[in-house]
Amino acid sequence: MRHAIEPIIRRAARLMLDFANPAVYDKGRHADFVTEADVAVQEFLIQQLSVVFPQARFLAEEGEGQQLTDGFTFIIDPIDGTTNYFRHRRCSMISIGAVEDRQPVFGMALDPYRDELFYAEPGRGAWCNDTRLRVADVPLERALIGFGTAPYYEELFDLTGRTFVALLPQVADIRRTGSACMELCDVASGRSDGHFEWRLQPWDYCAATLLVEEAGGKCGNILGGPVTYDSAIPHMAASARVFDALQALLQRAYRADP
């Protein structure tokens with residue numbers, strides 16, 4: 001599947017970078033933006049993937065009324081890190097995941113700025129370009145943990161803040177890039193040790209969840225149970241060494257009084 005999808009995602013990246021100053025539109029919630037490039041890249045991906053995979057269905061960020069079924073489905077984020085993208089912070093990715101029977105069967109994410117192509121299939125490992133990936137093996141007190149602030153959801157502000165306060169004394173440091181996909185790829189690469197966000201959409205984590213798992217890490221719902229792909233969840237990923245301890249810390253923060 002990699003060889004069929006790689007030329008499509010690379011052409012999509014060229015299209016993304018062709019927009020020097022894309023028009024930016026407000027999607028109606030706090031800090032929730034879409035650019036003309038997001039729309040153009042998504043339309044391109046759906047069109048091109050439909051030619052190669054005519055049976056495929058699609059669940060994509062800039063779409064409406066989409067529902068996941070048991071059929072073969074691409075879950076797409078045309079530009080993960082949209083605010084970074086139009087602010088020229090060079091920290092955005094294109095993410096293409098595929099699920100069948102609601103389980104991941106392929107994941108690919110491209111950082112067009114560093115020319116890093118991440119991809120994974122079940123049982124075949126996770127890769128960045130030609131390098132096989134493995135999660136890090138460090139204890140929680142030395143761990144770097146990424147997180148997302150869920151800025152669109154004001155009801156999560158207090159929870160996110162107290163989670164940060166609870167976590168910071170227990171780890172080496174915390175990171176926030178503005179691209180969940182990139183931070184999950186960092187976990188798979190061993191550049192960091194975990195990532196969480198209290199409400200994350202399937203197109204943000206679909207491809208990268210498989211990358212983390214194939215690199216020897218673990219992913220799940222913060223509150224318990226496996227990752228699902230039909231709606232937003234409180235998502236977390238981590239190396240196998242720190243996953244359980246990190247999940248316990250996050251759950252304690254969730255249960256704490258605001």
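Leaving aside its neighbours within four places in sequence, S239 is in contact (heavy atoms within 4.5 Å) with V135, A136, V187, D193 and G217. This serine is found in the loop between β14 (233-238) and α7, where helices (H or I, at least four residues) and strands (E, at least two) are DSSP runs numbered from the N terminus. At 1% relative accessibility S239 counts as buried, the term buried being used for under 20% relative accessible area, exposed for over 50% and partly exposed for values in between, with a 1.4 Å probe and protein chains only.

The model is a predicted one, in which local features need pLDDT of at least 70 and side-chain atom pairs count only at pLDDT 80 or more, whereas totals for chains, interfaces and linings use all residues. Residues are numbered from 1 along each chain as its sequence is written, and side-chain values use heavy atoms, with hydrogens and water left out.

Helix α1 has 17 residues and reaches 24 Å from its first C-alpha to its last, which is close to the 24 Å expected at 1.5 Å a residue; the expected span is 1.5 Å times one less than the number of residues in the helix. The buried residues of α1 are R2, I5, E6, I8, I9, A12, A13 and M16, and they pack against α2 (36-52), β4, α3, β5 (93-100), β6 (103-111) and β7 (116-120).

Several of these strands belong to an open sheet, in which 7 strands follow the order β3-β4-β5-β6-β7-β8-β9 with mixed pairing. Its edge strands are β3 and β9 (131-132), each of which pairs on one side only; two strands are taken to pair if DSSP finds at least two bridges between them. Within the sheet, β4 and β5 pair in the antiparallel sense over 6 bridges, and the bridge partner of D77 in β5 is S95.

Side chains of opposite charge can pair when their charged atoms come close. A search of the whole structure finds 17 salt bridges, each defined as a side-chain nitrogen of Lys or Arg within 4 Å of a carboxyl oxygen of Asp or Glu. In one of them R10 is joined to E6, with the closest N and O atoms 3.0 Å apart; because R10 and E6 are 4 residues apart in helix α1 (residues 2-18), they are separated by about one helical turn. R10 is partly exposed at 25% relative accessibility, whereas E6 is buried, with a relative accessible area of 16%.

Another salt bridge joins K27 to E61, the closest N and O atoms being 3.8 Å apart. K27 lies in the loop between β1 (24-26) and β2 (33-35) and E61 in the loop between β3 (57-60) and β4 (73-80), so this pair ties together parts that are 34 residues apart in sequence. K27 counts as partly exposed at 33% relative accessibility, while E61 is buried at 15%. D244 likewise forms a salt bridge with K218, with 3.4 Å between the closest N and O atoms, and this pair links distant parts of the chain, D244 being in helix α7 (residues 243-255) and K218 in strand β13 (residues 218-221), 26 residues apart. K218 is partly exposed, at 34% relative accessibility.

F33 and F86 form an edge-to-face pair, 5.5 Å centre to centre and with 90 degrees between the planes; it links distant parts of the chain, F33 in strand β2 and F86 in helix α3 (residues 82-86), 53 residues apart. F33 is partly exposed, with a relative accessible area of 27%, whereas F86 counts as buried at 17%.

The rings of W198 and Y254 have centres 5.6 Å apart and planes at 25 degrees, so that this pair is stacked. Since W198 lies in strand β12 (residues 194-200) and Y254 in helix α7, the pair ties together parts that are 56 residues apart in sequence. W198 is buried at 5% relative accessibility, and Y254 is partly exposed at 41%. Ring pairs also link F53, F58, F72 and F74 into a cluster. Finally, the charged end of R199 sits over the ring of Y153, 4.4 Å from its centre, the criterion being that NZ of Lys or CZ of Arg is within 6 Å of the ring centre and within 35 degrees of the ring normal.

Notes. Rings of Phe, Tyr and Trp (its six-membered ring) pair if their centres lie within 6.5 Å; planes under 30 degrees apart count as stacked, over 60 as edge-to-face and the rest as tilted.
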